[in-house]
Amino acid sequence: MIITANNKTLNLSQPQVMGILNVTPDSFSDGGKFNSLDNALAQAKRMIDAGVSIIDIGGESTRPGAPDVSLEDELARVIPVIKAIRAQYDVWISIDTSKAEVMRQAAAAGADIINDVRALQEPGALEVAAEVGLPICLMHMQGQPRTMQNAPQYKDLLKEVEEFLQERIEACQAVGIQREQLILDPGFGFGKTLEHNYHMLAHLEQFHQFGLPLLAGMSRKSMIFKLLDKAPAECAAASVSCATIAALKGAQIIRVHDFEQTLDAMKVVSMVKANH
């Protein structure tokens with residue numbers, strides 16, 4: 001399984017690590033650390049030197065209760081960072097956004113992947129995604145970030161997530177987006193209780209029925225820090241454990257904060273898979 005963009009190919013036969021670069025002042029785990037261009041570039045260099053395959057740049061926090069970010073603010077945060085990284089490195093760059101105009105400008109600046117927690121449901125997003133022709137990650141979320149953790153409920157969690165993803169795949173194909181350009185994310189932590197998240201992780205292999213790459217992002221989320229009763233930044237070991245479980249269950253892209261430890265874990269996973 002491979003994805004292609006901008007004359008680059010990423011081989012997903014082994015799990016690839018996506019490093020999180022939040023250029024926001026208020027992200028739940030690392031808000032304010034990388035929201036200057038110099039700090040963001042230095043962190044990108046650390047990721048690339050370590051061996052991260054994809055850098056996921058986000059200018060809007062989607063933690064529960066996060067305030068909305070204006071289009072102008074989001075563009076001012078992410079576009080200079082994409083341009084600066086692209087000018088120096090050939091690494092895959094992902095733009096973590098739901099706004100059509102951010103997608104358009106990010107693609108023009110050199111982004112390779114659109115990573116949308118709202119699965120192209122915002123106005124114009126489907127059309128812009130079709131126009132720019134990049135790989136797209138479609139994520140499941142119940143509700144909206146501000147309210148998604150207010151008592152989320154499902155009759156059949158896995159079935160409902162699968163039905164949503166199927167509907168979004170069809171919506172993409174209806175506007176001319178190629179199926180092989182799609183990546184699926186079941187949306188750990190987005191409108192799901194602690195039990196929902198672990199049920200989904202325990203059955204993650206079910207999502208392979210679509211025949212599309214799977215992205216798993218659990219790093220430092222409430223499913224981990226509430227379970228451990230620790231601060232998000234103190235959850236590296238448990239985050240790597242979740243990443244390892246997801247990779248062993250076949251997730252091809254693992255989205256993380258603790259990239260060095262996760263890269264080590266993925267080498268172990270690859271050795272286990274090679275000798276299976």
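**Entry 1: terms and model**

I take buried to mean under 20% relative accessible area, exposed over 50%, and partly exposed in between, with a 1.4 Å probe and protein chains only. The model I am reading is predicted, so I keep in mind that local features need pLDDT of at least 70 and that side-chain atom pairs count only at pLDDT 80 or more, while totals for chains, interfaces and linings use all residues. Residues are numbered from 1 along each chain as its sequence is written, and side-chain values use heavy atoms, with hydrogens and water left out.

I looked up the confidence before anything else: the mean pLDDT (the predictor's confidence in each residue, from 0 to 100) of the chain is 93, and 95% of its residues reach 70 or more. Over residues 27-32 the pLDDT is below 50, although this stretch has 22 contacts in the model beyond near neighbours in sequence; contact here means heavy atoms within 4.5 Å.

**Entry 2: helix α1**

Helices (H or I, at least four residues) and strands (E, at least two) are DSSP runs, numbered from the N terminus. Helix α1 covers residues 37-50, and its 14 residues reach 20 Å from the first C-alpha to the last, close to the 20 Å expected at 1.5 Å a residue; the expected span is 1.5 Å times one less than the number of residues.

Which residues of α1 are buried? I find A40, L41, Q43, A44 and M47. Seen down the axis of α1, these buried residues fall within an arc of 165 degrees, so they line one face of the helix; the arc is that of the directions from the helix axis to the C-beta atoms. As background, an α-helix has 3.6 residues a turn, so residues three or four places apart point the same way.

On the face of α1 turned away from the buried side I note the exposed residues D38 and D49. The buried residues of α1 pack against β3 (16-22), β4 (54-58), α2 (71-88) and α9 (259-274). After α1 comes G51, whose phi is positive, near 115 degrees.

**Entry 3: helix α4**

I then turned to helix α4 (residues 125-132), where A125, L126, V128 and A129 are buried. They cover an arc of only 165 degrees around the axis, which puts them on the same side of α4. What do the buried residues of α4 pack against? Their partners are α3 (100-109), β6 (113-116), β7 (136-139) and α5 (157-174). Just after α4, G133 takes a positive phi of about 70 degrees.

S94 is found in strand β5 (residues 92-96), and I record S94 as buried, with a relative accessible area of 0%. Leaving aside neighbours within four places in sequence, S94 is in contact with M18, I54, I55, D56, I57, I113 and N115.

D56 itself is buried, with a relative accessible area of 0%, and D56 forms a salt bridge with R255, the closest N and O atoms being 2.7 Å apart. R255 lies in strand β10 (residues 253-256) and D56 in strand β4, so the pair ties together parts that are 199 residues apart in sequence. R255 is buried as well, with a relative accessible area of 15%.

**Entry 4: other salt bridges**

Side chains of opposite charge can pair when their charged atoms come close. I count a salt bridge as a side-chain nitrogen of Lys or Arg within 4 Å of a carboxyl oxygen of Asp or Glu, and a search of the whole structure finds 13 salt bridges.

One of them joins D258 and R220, with the closest N and O atoms 2.8 Å apart. D258 lies in the loop between β10 and α9 and R220 in the loop between β9 (215-216) and α7 (222-228), so the pair ties together parts that are 38 residues apart in sequence. D258 counts as buried at 9% relative accessibility, and R220 counts as buried at 11%. Salt bridges that share partners join K8, R86 and D112 into one network.

I also looked up E167 and R168, which form a salt bridge with the closest N and O atoms 3.2 Å apart. E167 is partly exposed, at a relative accessible area of 36%, whereas R168 is buried, at 6%.
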